[in-house]
Amino acid sequence: MELFANQVLAGIATGAIYACMALAVVMIYQAIDHLNFAQGEMAMFSTFVSWQLMQWGVPYWGAFVLTVAFSFAAGIAIERLLFKPLAKAPILTNVAGFIALYAIINSVAGLIWDFTIKQYPTPFGSSPFLGSQLISTHQAGMIGITVLLLVLLFIFFRFTRVGLAMRAAASLPESARLVGINTSWMIALGWGMAAAIGSIAGMMIAPVVFLEPNMMLGVLIYGFAAAVLGGLTSPFGAVVGGFLVGIFENLVGTYIPGVGNELKLPIALALIVTVLVVKPAGLFGRPIVKRV
Amino acid sequence: MTAMLNVKDLRAYYGQVQALHGLNFSLDEGSLTTLLGANGAGKTTTLRAICNMVRSTGAIEFEGKPIGARSTENVVRLGIAHVPQGRGTFTTMTVEENLQLGAITRTDKKNIVADIERMYDHFPVLKQRYTQQAGTLSGGEQQMLAVARALMLRPRLMLLDEPSFGLAPLIVRDLFRILGKINREEKVTILVVEQNAQLALELADQAYVIETGRIVMSGDAKDIANNEDVRKSYLGY
Amino acid sequence: MSAAEEVVTEAAAVEAVPKRAMTLGYGTSLVVLAALILTPLFVKNFIIFQMTMLLIYGLAVLALNILTGGSGQFSLGQSAFYAVGAYTSAILMEHAGMNYALTLPVAGLICFGFGFLFGQPALRLSGVYLALATFALATAMPQLLKLGYFEHWTGGVQGLVVTKPDAPFGLPMSQDMWLYYFTLAITIAIYIASVNLLRSRSGRAFMAIRDNEIAASAMGVDVALYKTLAFGVSAGITGVAGGLGAIAVQFVAPDGYTITLAISLFLGMVVGGVGWLPGSIVGSAFIIFVPNIAEGISKGLSGAVFGVLLFLVIFLVPHGARQVAIIAQQLIGKLKKN
């Protein structure tokens with residue numbers, strides 16, 4: 001039993017990483033209705049930018065704020081330059097665009113900062129949290145930041161005019177234009193916010209997985225899985241999904257014999273697919289009724 | 001009276017297909033005008049062309065300003081509210097959020113609250129349901145909501161696309177009564193596209209009849225209602 | 001859960017492509033065919049090998065096209081079917097000593113069954129959810145192939161070496177050239193069969209499902225059957241391609257069939273034009289040659305160059321090679337008029 005409780009705790013700790021990423025995934029899905037495959041790479045790039053700033057002597061929180069601002073602007077710029085022209089292209093063409101963006105960012109980051117693993121600092125320290133060996137103060141801090149982000153997003157979408165306009169633009173673009181909302185800019189704003197949240201996720205994740213251009217590969221897959229599991233329409237679901245995926249992953253590794261690191265991912269994914277077969281809109285997603 | 005909206009030689013296209021073949025019409029300020037026509041005559045396209053939601057050529061002037069090159073949202077920002085066919089309700093949001101969205105471009109925050117109250121006076125049923133998700137409303141209630149949402153813009157001109165569609169006759173009467181009131185009391189110029197010609201002609205001051213993308217008749221609503229051709233084709237007696 | 005359920009008239013994820021627009025005219029077909037038959041006579045063996053791979057990936061892209069362009073289902077798991085086909089051929093040839101040509105129908109059948117079965121749970125999923133499920137399949141496959149239980153058959157991480165067949169009846173041609181013509185014959189047969197499939201009753205059922213699932217079921221199309229059938233057919237063709245690929249490369253190993261392959265096939269479909277079967281070969285050319293070209297332009301930034309080239313293609317022709325074909329057709333039409 002103690003083993004079980006410990007593994008769940010450890011799962012929550014890793015789950016915080018996925019939750020953070022899933023939040024960014026849901027954010028962009030709300031704004032543009034696609035899963036952005038390049039999301040993880042954008043976060044990775046942002047994290048490198050913050051690392052570079054710290055190398056130049058900027059203190060942690062200064063670098064943090066600058067990076068979030070940079071990512072927000074970069075997200076908007078990417079949308080305006082690369083994806084606005086594709087707005088009328090088929091969905092699958094947009095997906096190909098995400099893959100292209102992925103390749104570009106990964107390759108450029110590798111050229112600038114090379115592929116060696118780098119240490120990344122944490123503002124929360126890495127001593128055991130409340131005496132537990134399984135969860136560190138950094139991981140606790142990461143969970144705190146994720147929850148804080150979730151609350152801020154909730155307030156933004158529920159109580160601000162821009163948040164309301166963004167929701168309207170995402171759910172019914174034509175009606176949104178008819179009340180005077182510039183839906184095109186709402187999409188850009190969605191990209192900016194997703195990139196900013198992604199950068200926070202990256203900076204929180206980097207101390208755990210170390211900084212290198214491929215650091216987000218596994219994280220993004222679990223982040224997608226978490227977002228889909230929680231329901232792509234619900235930021236809250238994404239966070240819960242993230243923790244669940246973390247717990248799944250740890251328990252599978254502990255209790256199913258013969259499962260090495262290699263098989264953890266497929267089994268976790270298989271479990272998620274099983275959940276989806278039962279609840280196709282995810283655990284907290286809104287069921288969508290299709291009409292002819 | 002001066003013309004508020006002036007449309008000259010309006011042609012609209014869906015891909016290669018031309019839907020409007022050079023429409024000319026104008027709306028007087030403060031008037032309630034109806035645009036009549038059969039299915040596929042181009043009524044909806046006319047409204048959509050005014051808001052630049054279809055590819056079109058020709059000159060559209062609103063209060064003396066050309067608006068043909070403006071994007072949909074910028075046309076709306078001039079004070080032209082459009083109640084689309086199918087109502088365009090934000091089904092996942094509450095009734096109140098739908099109303100707030102109607103006023104999303106306005107900067108006078110204080111008046112918005114008062115305006116929402118005013119809408120509840122016009123449409124008491126919305127007040128009962130203001131925290132409900134708009135998708136749970138009945139068709140008639142959603143139509144009321146769509147009109148209320150459009151009014152939240154404090155529009156100078158309101159375009160309505162078949163507001164009676166799919167509604168029970170009693171509800172249609174009610175809705176049209178409110179439209180008349182809004183037109184008289186709040187001085188909102190209204191252009192309503194309808195298939196329910198009888199009701200529309202009772203309500204309107206002016207009327208246009210459109211057939212296969214061309215205006216074939218125009219004039220005082222009463223005269224149009226008494227016209228023999230119109231009676232045979234649209235009123236059925 | 002919210003009280004209101006969101007009701008949407010969902011825009012089809014895949015555009016409706018009319019049936020006739022899915023193929024080439026006779027004249028163009030003949031020109032392409034002649035080029036495919038004659039070119040190998042004038043080029044080196046390595047280029048012939050690359051042309052063989054072009055056909056093989058072309059088949060795999062075609063298979064995805066039938067699934068996505070035909071029935072509107074999206075898959076990121078094609079690499080798994082490809083792997084199963086490749087391993088089936090390799091194991092049958094090396095362990096059972098079966099003739100290479102005979103292993104292909106077996107690979108196709110096994111993959112058809114696999115795809116059909118996989119299509120059952122996938123029935124309840126669509127869009128991104130289906131993408132995730134198929135993605136899970138693709139990531140799991142290389143790991144499964146490495147498992148110790150199967151090592152005796154699969155060769156584990158090492159994989160299996162496959163013997164390249166000689167030309168039969170003492171024909172005076174190189175192994176590469178023979179394999180090319182062998183692959184070409186199979187490709188043409190599958191292409192013609194696919195065109196006919198999409199023109200048949202089943203093809204109409206696929207497209208009805210793609211365009212509007214609810215309307216299709218209201219018209220009496222057995223949606224579940226045809227959706228799983230589309231998965232089965234697509235997997236079967238991919239399996240044949242996989243088997244051919246194993247023979248051509250003379251080697252199978254788990255890491256040859258990762259998610260990267262599935263993503264490449266997806267890109268091939270988009271570049272070729274979703275739902276346009278002849279585009280499959282264009283898409284295949286893109287995924288084979290463009291990474292090499294990118295590498296040639298800049299070694300350190302090859303990924304970025306590839307990404308930029310991909311962006312250029314989708315900016316210029318968002319609908320892929322199909323759009324080029326349509327434009328060309330219109331130009332020719334105009335020239336004929338003048």
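Author: Chain A has an average pLDDT of 85. Of its residues, 94% score at least 70. This is a predicted model, so that score concerns the predictor's confidence. Helix α3 of chain A, residues 60–83, has the highest mean, 95. Strand β3 of chain A, residues 288–290, has the lowest, with a mean of 52. Where pLDDT is low, the predicted coordinates should not be read in detail.

One spot in chain A first. A:L244 sits in helix α10 of chain A, which covers residues 235–255. Is A:L244 buried or exposed? It is buried, because 25 other C-beta atoms lie within 10 Å and the cut-off for buried is 20 or more. Leaving out residues up to four places away in sequence, A:L244 touches A:G15 and A:L229. A:Y18 is 226 residues from A:L244 in sequence. In space, the two C-alpha atoms are 9.3 Å apart.

Now the part for the close look: a sheet in chain B. It is open and has 4 strands. Their order is β2-β1-β4-β5, and the pairing is antiparallel. Which strands form the edges? They are β2 (17–28) and β5 (65–66) of chain B, each pairing on one side only. Strands of a sheet pair through backbone hydrogen bonds, either parallel or antiparallel.

Strand β4 of chain B spans residues 55–62. With β5(B) it makes an antiparallel pair over 2 bridges. B:F62 has B:K65, in β5(B), as its bridge partner.

B:R87 is not a glycine, yet its phi is positive, at about 75°. B:R87 lies in the loop between β6 (80–83) and α3 (95–102) of chain B. B:R87 counts as buried because it has 23 C-beta neighbours inside 10 Å. B:K187 also is not a glycine and has a positive phi, of about 55°. B:K187 is in the loop between α7 (169–185) and β8 (189–194) of chain B. B:K187 counts as exposed because it has 10 C-beta neighbours inside 10 Å, and the cut-off for exposed is 12 or fewer.

Terms used. Residues numbered from 1 in each chain as written. Chains lettered and ligands numbered in written order. Predicted model: local features only at pLDDT ≥ 70, side-chain atom pairs only at ≥ 80, totals over all residues. Pairing = 2+ DSSP bridges. pLDDT = per-residue confidence, 0-100. Contact = placed C-beta atoms within 7 Å.
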